[in-house]
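Subject: Structure for you to look at

Dear colleague,

I am passing on the structure we spoke about, and below it I have written out what I found. Please read the notes with the structure open beside them.

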Amino acid sequence: MLTKRIIPCLDVHQGRVVKGVNFLNLQDAGDPTVLADFYDKEGADELVFLDITASSDGRDIMIDVVKNVSENVFIPFTVGGGVRSIKDIRGLLQAGADKVSLNTSVILEPKLISQASRMFGSQCIVVAIDYKKITDFKESTEDNEIGIDLDSKWEVYTHGGRNRTGIDALKWAERVADLGCGELLLTSMDMDGKQQGYDVEYISSVNEKVNVPLIASGGAGKLDHLYTVFEQGNADAALVASIFHFGKYKISDAKEFLRLRGISIRV
Amino acid sequence: MDQLKVAIVDYEAGNLRSVQKAIEACGSIAKITTDVEDINSCDGIILPGQGASDSAMSKLNELGLSETIKKQINKGKPFLGICLGLQLLFDSSEEGDLPGLGLIQGRIKKFSKDSKVPHIGWNQVSFNKNHPFIEEIPNQSNFYFAHSYFSEIERKKQQLATTDYGIEFCSAVAIDNLVAVQFHPEKSGILGLGLYKNFLNMIIHG
C-alpha cells in the first residue's frame, strides 16, 4: 500500500537555508546539503527547497545547490520558487531535481503546465497553489470559468499572500490538474505559520475534484494535525517546517505517532 | 581488481545524474553515454528513464542503441532497467505507438482513474522469488515510485516483485542477467543503494 509522505520544506536564500532551522548537533544548519542529509537520515520521505531569492543571479546559485544536494542525497526532492519557463525547469531537472514546483508563472501562463508535463513527464511537474479563505466578496476580473463568484470559498493569492488574483482556488486546482500537473502543493496562507492545523476543508474539497496526489501545506503545529490532514483531508503528503526545524518533534516521532493510529507510513 | 565500468544510456530522459551518483556511492564508475562503443565495452548497462515512451524509443532507435542493448543483454551482460527503462523492455505500451524492445512479453498499461495518477511516493515491494539482485533486501520494503503506467507481464516466472496500487502490478523483473524495476532505487535511500550494490555484485560474479 502506498504510504503517506512527510516532506520537510527548506527556504533557501542566496544558496543558504534561512528561517529558523536550529539544530544543536548540526555544524552548519545553513548548508542545504547538510540539512538534506540530516532529514534523509531522520526518515523524511522527500524534501522541498523553496528558492526565495528574487534576483536572477540567485538562479545560478540555486542550480549549484541542486547539484550539490543531488550528489549527496538519495531521496526525492522538489525545487520551487521563481520558476518561470521551460528553460528554468530543464535547468533544475538536469542539475538533479526530481520535481519542479510552479506557482505564479502558471497563473500568468497556464499552458506552461501542459508544455512542461508533455516534455518532462507529469510526475515531475508540481503546481503550488497559495490561497486564502474569502471573507469579502469582490467581483472577479478573471474569465468566469475560474474566476471567483458568490459560491466561491477560497481565492488564489500570489506574492506570499499579499496579492489577490480573483481566481477561485478550487476551480484553479481542477484547471491545473486538467492541464497535466502531476501533483498539487496546497498552501493555506491563513494557516501558514500559525501552527493551528492544516486547512482540512479545502484539501478534502480538492480531493473530491481532482485525481492527482495532494501535498497539504501550512499549519502543522502538533502531530495530531498530520493525522487529521491524512485521515480527514485525504492528503497524500504533508509539508512541514517549523515543528521539525526547531526540533520540537523528530520525524521518527511523527511517523511512530501516525503508524500507531493506523496511517500507512514508511518507517 | 579494476573498478567496474557501468554505462548509463542517455536518451535525454531526465535524472541521469542521480543514477550516476548512486553507482559512484557504491564505489564504481558510471559513464552517461549515447555511444554504441561504450555500451559494447562496459561491464554493465543501466537504462534509466523518465518521460514518454515514444520519444524514448525513437531516440534509442535513431542512435542505433536499441539493437546494441538487445545484443549485449542476449550475450549475457548485466543489465538494469529503471522506471521507463523497465517499460521499454516490453512488447508494447498504451502510452505510445512505437513497439518496445520486446525483451519481455507483455504490455504497458495506464492506471485506471480509481487511483490517483501518477502513482507517486513510497510503496511496498513484495518479492516473488529469490535473485542476487535483492540479496539482503528485506521483503516488503518501501521504495520510491513516480509513474502513470505499469507493466502487465505475461510470464509470471519472470516477475521478481509486485506492488499494490489499486491493482497488483509487476514492480520488478528478473530474467537471468536482466533486472528491471518500476521504482527508483537511486531515490530510495539506503535500501535503494543496496540494490545498486547487488547489481554491481551481479557484474562481478557473472
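I begin with one residue of chain A: once the neighbours within four places in sequence are set aside, A:M62 is in contact with A:V12, A:D51, A:T53 and A:V79. Please keep in mind throughout that this is a predicted model. A:M62 belongs to helix α2 of chain A, which covers residues 57–72. Is A:M62 buried or exposed? A:M62 counts as buried because 26 C-beta neighbours lie inside 10 Å, where 20 or more are needed for that label. As a further point of reference, A:F49 is 13 residues from A:M62 in sequence, and the C-alpha atoms of the two are 9.5 Å apart in space.

The contact is made on the α3(A) side by A:I86, A:I89 and A:L93, and on the α5(A) side by A:Q115, A:A116, A:M119 and A:F120. Sorted by class, the residues of this contact between α3(A) and α5(A) are six nonpolar and one polar, with no charged residues. The crossing of α3(A) past α5(A) is right-handed.

Turning to the two chains together, the contact between them takes 26 residues from chain A and 31 residues from chain B. On the side of chain A that touches chain B, 10 residues are nonpolar, eight are polar and eight are charged. For the complex, the predictor gives an ipTM of 0.94 and a pTM of 0.95.

Chain B itself has an average pLDDT of 94, and 98% of its residues score at least 70. Its secondary structure comes to six helices and 12 strands, and its C-alpha atoms fill a box of roughly 50 × 40 × 30 Å along the principal axes. The radius of gyration of chain B is 15 Å, which agrees with a compact globule, since one of 206 residues would have a value near 17 Å. Of the 206 residues of chain B, 55% count as buried. Among the contacts in chain B between residues at least 6 apart in sequence, 70% join residues that are at least 24 apart.

Key. Residues numbered from 1 in each chain as written. Chains lettered and ligands numbered in written order. Predicted model: local features only at pLDDT ≥ 70, side-chain atom pairs only at ≥ 80, totals over all residues. Contact = placed C-beta atoms within 7 Å. Nonpolar A, V, L, I, M, F, W, Y, C, P; charged D, E, K, R; others polar. pLDDT = per-residue confidence, 0-100. Helix = DSSP H or I, 4+ residues; strand = E, 2+ residues; numbered from the N terminus. Rg over C-alpha atoms; globule rule 2.2 N^0.38 Å. Buried ≥ 20, exposed ≤ 12 C-beta atoms within 10 Å, placed from the backbone. Left-handed = near helix turned anticlockwise from the far one by under 90°.
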